[in-house]
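Look over the chain below before reading on.

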Amino acid sequence: FFFKFSLLFSLLSFSFSQSDVVEAPSPAADSCNGIFLSYAYSSGTKLKPTDPTHQPYRFESVLTVLNNGDEELKSWKVSVEFQNDEFLVSASNAVLADGTSLPANVGNGTVFAGFPMSDLKTAIETAGDLTQMQVQVKLLGTQFGVAAPDVPLPKNIQLANDGFICPKASMQGKNEMQVCCRKDPKFKANDTIDEEFLPRQSGDLTIMYDVTRTYDSNYWAQVTISNHNPLGRLDNWKLSFDWMRDEFIYTMKGAYPYVVDSSDCIFGTQGQHYRDLDFANVLNCERRPTIIDLPPTKANDTTLGLIPNCCRNGTILPPSMDPSKSSSVFQMQVFKMPPDLNRSELSPPQNWKINGSLNPDYKCGPPVRVSPSQFPDPSGLPSNTTAVASWQVVCNITHPKGASPKCCVSFSSYYNDSVVPCRTCACGCPSNTARTCSTTAPAVLLPPEALLFPFENRTAMAQAWADLKHRTVPNPMPCGDNCGVSINWHVLTDYSRGWSARITIFNWDETAFPDWFAAVQMDEATRGFQKMYSFNGSALELNGVNNTIIMQGLPGLNYIVGETDGANPKKDPRVPGKQQTVVSFTKKNTPGINVAAGDGFPSKVFFNGEECALPSVLPTNNSNREGCTTILSIFLAVFVFIMLHQ
């Protein structure tokens, strides 16, 4: 009996030590009076399939973050510079700071953010309680190529929070690397904000998650998406995030789930806990729901609408275009699960992502607790209502490696009768085109009238034009640009006191563009901008540099229709939606400008916030003016088309 009791006691003690006792930090942490970081490789095994050139191995590691400083570390973030093509399967006590859900490829390095414990207190305010000072992130994943006895460690680890200096991590034996990060004495913190919360950050786009009402089992949250980039824009936005604690959406106002489905709750733990809840009324139980905006017809709907700044079909305009339409708001009722069933247990969703159609790509950081937001009192009294709790998500425009643009630009001029078209595969190419067209051959010069036709109808014109100009064409011919939107920039005139250009926007997609806008960057010419004649244009200063002209349609011209069938669909090509204007410049403010040498062409072009692909060459000045008649004909054709369709 004594032996059995002793064995049982030993097993219980072992179980307790594994699950409830925080592991002590490395002895090296004692000499660190800042933020101590360590990355320790625990174990690994060889995985199938066997591949001598790219062999996969399982790895288990522990990332430790310990606050040995004298100030609380809020919203900790640690950069881990993985270098062995790592594929991360799981991470305890942390999420990826860029909003990517696990599993994920982190072979180029990643940043971890704390969750659910995002703030690390000091030894002073906790009497040395490691459960509040330290977090250990247990990593499980796959790495490639590093077999025993070598150890798959990252290049470096460092604290990613502002205001800290980290030397390069040092090795502790073969399996562990460590670093002590200290406060930067030159860093100037914002002392005007409440020390209880981090200051609100700026970004291209911010998302506020404000809890406005809270109860034991559920709460109401208001989500506000605000656009701050003068050239950023979202159309038909889709917002997604991860619930981390089995929450589900009961009802919404101002937006709606892309998929209405409560089956995950009915067959999951939610259905077991909320036995008396009618799940037929539940909107969404997905762990990662996708939210979409409502149409304007629902703005005054008593059930779904009546939320200020809601219901705009997912359109969020840049503040430089219309500040009143630069944000979108919706509310949702969120039900919680044990053990969070009290009104003070509030946890925002993680891994936020937002995107739109023909819009820039955004990368969003983790939610950061900020001071509670204030809203005008709904009763109309001259007072503000404060949110129960608020989190801010900051998103910035990013350009993923290998991503293709969604629009392209062609160049033409009065002094050359050929059009330099959009680049071959400017917006990507299908993978099965090797036998029908070349993805590497440069785009061939075109006659101006070819711009009015879809790419598949230009081949004969391009070949005839090449024969006329005694040029050879590649065999096979180059593939098309595959862009939904193309923009032609044509230098129209150039005289002693000024010059002009014509801009034509073609929509080759079936989706129309209401409230569209475009922008061009011209380093030498913007100071001479005078006016646009069919668009509303103005110079825009970005980052202290006045080199951008933004344009949008005048009333009646702010809508670009989608591509439509020709008059006789059996024989006529499809017709793109079009808008066109002429823009004039003076040379008074730009002495020495050389229009034909390149100063008359933009260095960047944007459509609805998306940067467009530019041609690799400019039209040459060969003094050939015979194309002026053809250029005039395309101008008149587009003008007549627009007048007939108003």
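In which sense do strand β2 and β8 pair, and over how many bridges? Strand β2 (residues 56–67) runs antiparallel to β8, and the two are joined over 11 bridges. This is a predicted model, in which local features need pLDDT of at least 70, side-chain atom pairs count only at pLDDT 80 or more, and totals for chains, interfaces and linings use all residues. Residues are numbered from 1 along each chain as its sequence is written, and side-chain values use heavy atoms, with hydrogens and water left out.

Some terms come first. Helices (H or I, at least four residues) and strands (E, at least two) are DSSP runs, numbered from the N terminus. Two strands pair if DSSP finds at least two bridges between them. Strands of a sheet pair through backbone hydrogen bonds, either parallel or antiparallel.

Strand β8 also pairs with strand β4 (residues 87–91), again in the antiparallel sense, over 4 bridges. Of the 11 residues of β8 (residues 134–144), 8 are buried, so the strand is largely enclosed by the rest of the structure. Buried here means under 20% relative accessible area, exposed means over 50%, and partly exposed lies in between (1.4 Å probe, protein chains only).

Within the order given, β26 (residues 407–413) and β28 (residues 485–494) pair in the parallel sense over 7 bridges, and F411 stands opposite W489 in β28.

The loops hold the remaining points. The peptide bond from L102 to P103 is cis, with omega near 5 degrees, and P103 lies in the loop between β5 (94–96) and β6 (104–105). L306 has a positive phi of about 60 degrees although it is not a glycine. L306 is found between β18 (290–293) and β19 (327–335), in a loop, and is partly exposed, with a relative accessible area of 49%.
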